[in-house]
Amino acid sequence: MLTAGAAVAALLAPATAHAEEGGPGIPPLTDVQGRVLTLRGWNIEDKAHRGEQALSAITERHLRDLRAQGFDFARLLVFWDDLEPRPGQYSERYLRRIERVLDWAERQDVRVVLDAHQDVFGPAFGHRGIPEWATRTDGLPFTPHPDDWFAEYFEPAVQRAFTHLYEDDDLRRAQARMWRTLATRFAGHPAVLGYDLINEPMGEPRPGEDLPAAARRIEREQLTPMYNRLADAVRPADRDAWLFVEPTPVVGEGVPTGLGRVRDPRVVYAPHFYATAMEAGADYDPGAGWIEAYERAVTAYPKRYRVPVVVGEWGPPDSSLPHMNRFYRDAMASLGRYASGWAGYVWCYGGGYCALDGTGAFRANKELTVEPYAETVAGTVRSASYDSRAGVYRLVYRAAPHGSRVSVLSVPPGAWRITAGGGAGVVRRTAGRAWVRAVPGTLVTVTVTRG
């Protein structure tokens, strides 16, 4: 019997050849001062604890270790079922737990996106996310798949639950109130960059509809209106945060999204970067063209609607397979061509997807995610690239004619030499960072060289 991942790959194989061509034309992510941002970081989560113990597995060490490796970004998983265990009753304890993590992030100078996470909809199906009281299945069947949890998304009861979430007026209002509650509480927190409105949304195919067609329809007819409703809910509370919108996970197989325009000036397209074959345990195949097809697919939407891209999750479950060194190098090069940032999955200490082992050392090949990069650029970036073999990062930018004159670079642990030309100079350097000051309007070149 095929796993869900293998089944999805088989269904999508013909569609990958039709992905649109990628290229320039994607705007950068910026902060409230207009400086160009690059986000490099990881997801942080606690799926094991809930109620009074919710988020207890996350400690300040997570943020401190993240920052020590040069990362400036965390995507923090939060769960609606913990926030609102009963309709209209929001957990103050849970909000304080979220705030505690945000305070740690502020102390470590890490930007955070709050991710309204769901796996297989929520606790009604043995996972986390949307509360049981907001789960409606019309009595359709659900069969657990303990050895292939992703297959549970294709169970009729789960698919119908998504339909009700998108279509039922009272559930729409409840979801909007949930987001209004989060935005009201955290709008003023210095660590909060934005809100990821729902993790990996899925839906219900119609009879005779193949998976790519179903995904595009769900994105067009259900997700786009949902994102507009949630944007309307957030904005009265928080005018500055970026709103991260995700397509269905089908984009991972090189299928361009059917999402339409989200009517908000601060929208980020936030796809995930997973290959179903690798998720099922296969090694990376450099000749298969998967990364190229994915890149063509995910750049179509941001070019059309002029929004930045931040990849919200990526990374294989087994990074020790023979071709994984090549995978990480290819993936990092690809992400650097079009994305304003990314969050790997997941910053934890152990096995599986964890970035680190129990001692805090990187697991096989995951150290390749550590590179020099420009966290903030006070100007217009002309080019930014890193040659991992030579150990050379080069940034070229036109300094802003007014406003901030200082750009900030993240420099990995170890010995690195930094030079700045075009009237710019390094004005401050600490472990892991360098500050470059430029003359307004000048063309600046910054080079960071290993060793």
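Reply: Go ahead. Keep in mind that this is a predicted model.

Me: Why is strand β3 called largely enclosed?

Reply: Buried means under 20% relative accessible area. Six of the six residues of β3 (residues 39–44) are buried, so the rest of the structure largely encloses this strand.

Me: How do you know that β3 pairs with strand β12?

Reply: Pairing needs at least two bridges between the strands. Four bridges join β3 to β12 (residues 341–344), and the two run parallel. Leu-39 stands opposite Gly-341 in β12.

Me: What makes β3 and strand β4 a pair?

Reply: The cut-off is again at least two bridges. β3 and β4 (residues 73–78) have four, in the parallel sense. Gly-41 has Phe-73 of β4 as its bridge partner. With helix α2 (residues 60–68), β3 and β4 make a β-α-β unit, and this unit is right-handed.

Me: What makes the largest nonpolar core one set?

Reply: A core joins buried residues of nonpolar kinds through side-chain atoms within 4.5 Å. The largest has 99 residues, and Ile-98, Tyr-195, Trp-314 and Phe-327 have the most contacts inside it. Beyond its neighbours within four places in sequence, Phe-327 is in contact with residues including Met-278, Trp-290 and Trp-314. Apart from this core lies another, of 19 residues, among them Val-411 and Val-446.

Methods: Residues are numbered from 1 along each chain as its sequence is written. This is a predicted model: local features need pLDDT of at least 70, side-chain atom pairs count only at pLDDT 80 or more; totals for chains, interfaces and linings use all residues. Side-chain values use heavy atoms; hydrogens and water are left out. Buried means under 20% relative accessible area, exposed over 50%, partly exposed in between (1.4 Å probe, protein chains only). Contact means heavy atoms within 4.5 Å. A crossover is right-handed if, with the strands pointing away from the viewer, the path from the first strand over the helix to the second runs clockwise.
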